[in-house]
Structures are given as C-alpha cells and as structure tokens.
Amino acid sequence: MRQAYRATVAHCLKKGSDPFGGGATPKGSEPFLECYEDGLLIVEDGHVVAVGDAATLLPQLGADADVSEFPGKVIVPGFIDCHVHFPQLDIIASYGEQLLDWLDRYAYPAEAKFADRGHAEVVAAAFLDELLRNGTTTALVFGTVHAHSADAIFEAAEARGMRLIAGKVLMDINCPEYLRDDPVSAYTDSKALIERWHGKGRLGYAITPRFALTSSAEQLAAAGRLASEHPDVWIHTHLAENEAEVEQIAKQFPESRSYLDVYDAHGLVRERSVFAHCLHVDEDDRGCMSTKGAAAAFCPTSNLFLGSGLFDLKAMRAAKVRCGLGTDVGGGTSLSMLRTANEAYKVLHLQDQALPAAEALYLLTLGAAEALYLDEHVGNFERGKEADFVVLDPGATVISARRSRVATSIEETLFALTMLADDRHVAASYVAGKRAEIR
Ligand code: GUN
Ligand code: ZN
C-alpha cells in the first residue's frame, strides 16, 4: 500500500538528476536544495514513489493511501555517518588526551571487552538504537579486532533493516597484545566476513585496517590483496589525524612520500576507500584521493575534542575529493549528525570558509551517499531510492521553537536546526519506509 507523509520536505539534488530515477547522481554537477513547504513524500514497498507539493500530489493518491500528517515539522533524507566506532560508545567524553594517549588510555581497554560476544551484541543494539534516535539511518562503522564484533553489528543492522557498512579491525603491531590479530587471520577472518555479510540485504563489508601505525607491512599487503579480490567492498581507515601520529608514520615507513602513500603502495586507495580525518595532507594527497575516487570523512567534534586540527573542506572540494561527515564516536562527542554539522560550521568558519544550510544538508545526506558510493540507493528522495527519512521537529525545545517561528525561509530553519538541534528534534526515523521502533 502507498503511504504518504505530509510536512515541509527538503532534500538535495544535482542538476541533471532524473526525477524519475535511474541510477547514481550525475558527477561533477553542483548540488542544490529542493524544498516543498507543504510537501508530500509518497512511499511504496520501502521505496520513494514521488515527492512534491501536497496540493499537486494529494489528488493523485489512491483512495486507500494512508497519509501521515506532520504539521510544523520538516522531512529530510536519513542522515549518513561516514565514520564511527560502535565499540567506543561507552567511552564517549573521556577526559584529557590527544589521539595516541587516548587510544592507550580509553579506546583499547574498551575494545578489549569485545572479546565477549555477548557484550558486543548488547553494545551493537544500543548503538544502532542511538543512531536511529539521532536520525542516522546509514553508517560506516568500525568494529574491534574480534570477528564476532562485525557479526554483532551486522545482525543488529539486519534486524533493523538498516543500510550499513562495517568491518572487523585489522591491527597486529604497536598496540596491546590482547588486541592483536596477524596478517593471516586478518585476511581469512575478513574474507569469511565478506562472504557472510557483503551484499546481504542492505549490508556491505569494509576492510578495516585501524591505521597504518598498527598494521605491519605484511598485514597491509594482505588487506590490499583482499581489496583486489573484492573490488566492490569498502576500505575504511584513518589518515593523518594527529601530528605525533604523522611523525611516527614517517619513521615507520621512511620510503613513503606521505601517509596516504603508505596506503596507496598497498593498493588501499581506490573507489570505496574512506579515510577518516585527512587533516595533515597535502595537494598531492588530495590529487591522489580525487583521481582514485577515494573519500574523506570530516569528523569535526572529534578533531576539536582530541585537539587534532582543522579539516580543510575548501581544499578538498577544489581537488574534487568526495567528502562526508563522521561523528567518530568515541573520539567524537556526539552521535547526532546535526551537532556534527554544527561543529563543522565552526571549524570552517575559523578558516574563513562557509557552510550554508543547503551544503550542510548535502554533506549529511546526498554528499555522504556519493562519498560511500551509495547514491544509487539513498541520499535523497528521487523516485526509486530507498525510503530512509527523518522527521525533524523545530518545536522540540523552547529556544529552537522561538527561533523557527521567526525564520523566513527553509534555509534559515535548517540552519537554526543545525545550530540548535540534537536527538530531541528527531520526531521519527524511517528505515526503508518503516518507522524505526527505538528500544
Ligand atoms: N586512529 C586509530 N584508531 C583510532 C580511533 O579509534 N579513533 C580515532 N579518532 N582515531 C584513530
Ligand atoms: Zn575513528
């Protein structure tokens, strides 16, 4: 049966997009915001049938169609988190360290607890419920070194019908003994997980070397071999986040021109490669990412919290590198993509760069889908795409209600939401046309 949702509806499109569907968004064209103040989103069998003015579309609806009305609310596509660690949920907001000490003091001990599969299952369920509570319907997710951490997050995503990419972490040196795999088990465990999960329903696998510091050259070579055997899986890692990390990389890989070059030399820079952070990179690195079709995940709350640096979105855009936003919890301080956009705005402002609301929405939705090569499936309301969407409530708090009452455009309402909103402003999240029941 057709289901329709009436509210203000906003999404991003690209010039040349086919409103009747038909594949990925056109490359290279500028995104723009399309908005219907009294809009209607029509969904059938989990997919978008149409979006437009309620006055035009309501008369075309069959008599049996069910219309859900959301007066005063705003429907946007489900948010996409391009980089997050589910096992770090419980160490979010841990005090006082920069990256390498933070890993030793907080992240590694938390990840050690995932040797217990039951613990992994409990945290995976809580984590995905938190994503949905925040309006995030798709994410690219780090597990731990334990293969069953990937099973746990995939099972939880499958139960919720979410489109999700995840992987078991590869790490065999420069980290606690209790969290190490080795080049052989990294390869065989990841291969088995690819066979079990990649392409199953809405799930995808990411080969996930933690970062070049914690993988031997043999392990990076094994990851590269796996990547070449499976060109349609993702590669997910960290790049040039922290200055001390970059210095150690230069010592560990003296033959490499740059940090990115270490990954490139092992066949790990390609389409569907996603590099979190990319703060201390140069023009050659950006050029390499661009020509090879790799993406950058901009993680502003993490970069500020861990004192890592400022992401240069303008330079990434100029080099035509695909970019999305990531929360990077537990280094990041919120699972809310709205809060993440809030901090992104400030990080860019410090560098004399702008982030208008339309562009923020693009980074949270269609731009992220392009970064992850998922724009055939999700990211906006083009006909045929999967109906992942969020109902935002500007009236959820006193201050945002006051602010939205004096807004005179959807851009202004959306901008104020990115500055003021969090999970309280997510009235509902829909996954493939079904309202998510958040436990
Ligand atoms: N680099 C390597 N591992 C991590 C991690 O867990 N979090 C962040 N922010 N950076 C990393
Ligand atoms: Zn991270």
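Which residues coordinate the zinc ion (ligand 2)? In this predicted model, four side chains do so: His83 and His85, each through NE2, His238, also through NE2, and Asp328 through OD. The distances run from 2.0 to 2.2 Å. Along the chain, these donors follow the spacing H-x1-H-x152-H-x89-D. Histidine 83 sits in strand β5, and histidine 238 sits in strand β10 (residues 234-239), so the pair ties together parts that are 155 residues apart in sequence. Histidine 83 and histidine 238 are both buried.

Now look at the geometry. The four donor atoms subtend angles of 88 to 166° around the zinc ion (ligand 2), which makes the arrangement irregular. A tetrahedral label would need all angles between 85 and 135 degrees.

Next, follow strand β5 itself. It spans residues 79-85, and seven of its seven residues are buried, so the strand is largely enclosed by the rest of the structure. Strand β6 (residues 136-142) pairs with β5 in the parallel sense, over five bridges. Within this pairing, isoleucine 80 stands opposite threonine 138 of β6.

Then turn to ligand 1. Its surroundings include Leu99, Trp102, Leu103, Arg210, Phe211 and His277. The zinc donors His85, His238 and Asp328 are also among the residues around ligand 1. Polar side-chain atoms approach it too. One from glutamate 241 lies 2.6 Å from a nitrogen atom of ligand 1. One from glutamine 88 lies 2.9 Å from an oxygen atom of the ligand. For histidine 238, a side-chain N or O atom is 3.4 Å from a nitrogen atom of ligand 1. How much of ligand 1 does the protein cover? On its own, ligand 1 has 280 Å² of accessible area, and the protein covers 100% of it.

Key: Residues are numbered from 1 along each chain as its sequence is written. Chains are lettered from A and ligands numbered from 1 in the order in which they are written. This is a predicted model: local features need pLDDT of at least 70, side-chain atom pairs count only at pLDDT 80 or more; totals for chains, interfaces and linings use all residues. Side-chain values use heavy atoms; hydrogens and water are left out. Buried means under 20% relative accessible area, exposed over 50%, partly exposed in between (1.4 Å probe, protein chains only). Helices (H or I, at least four residues) and strands (E, at least two) are DSSP runs, numbered from the N terminus. Two strands pair if DSSP finds at least two bridges between them. Donors are N, O and S atoms within 2.8 Å of the metal (3.2 Å for Na, K and Ca); water is not among the atoms, so sites may look incomplete. Four donors count as tetrahedral if all angles lie between 85 and 135 degrees; four count as square planar and six as octahedral if opposite donors are over 155 degrees apart and all others between 65 and 115; anything else is irregular. A residue is near a molecule or strand if one of its heavy atoms lies within 4 Å of it. A polar contact is a pair of N or O atoms within 3.5 Å; within protein, one must be able to donate a hydrogen and the other to accept it, and residues adjacent in sequence count only if both atoms are side-chain atoms. Accessible areas come from the Shrake-Rupley method with a 1.4 Å probe; for residues, only the protein chains shown count as cover.
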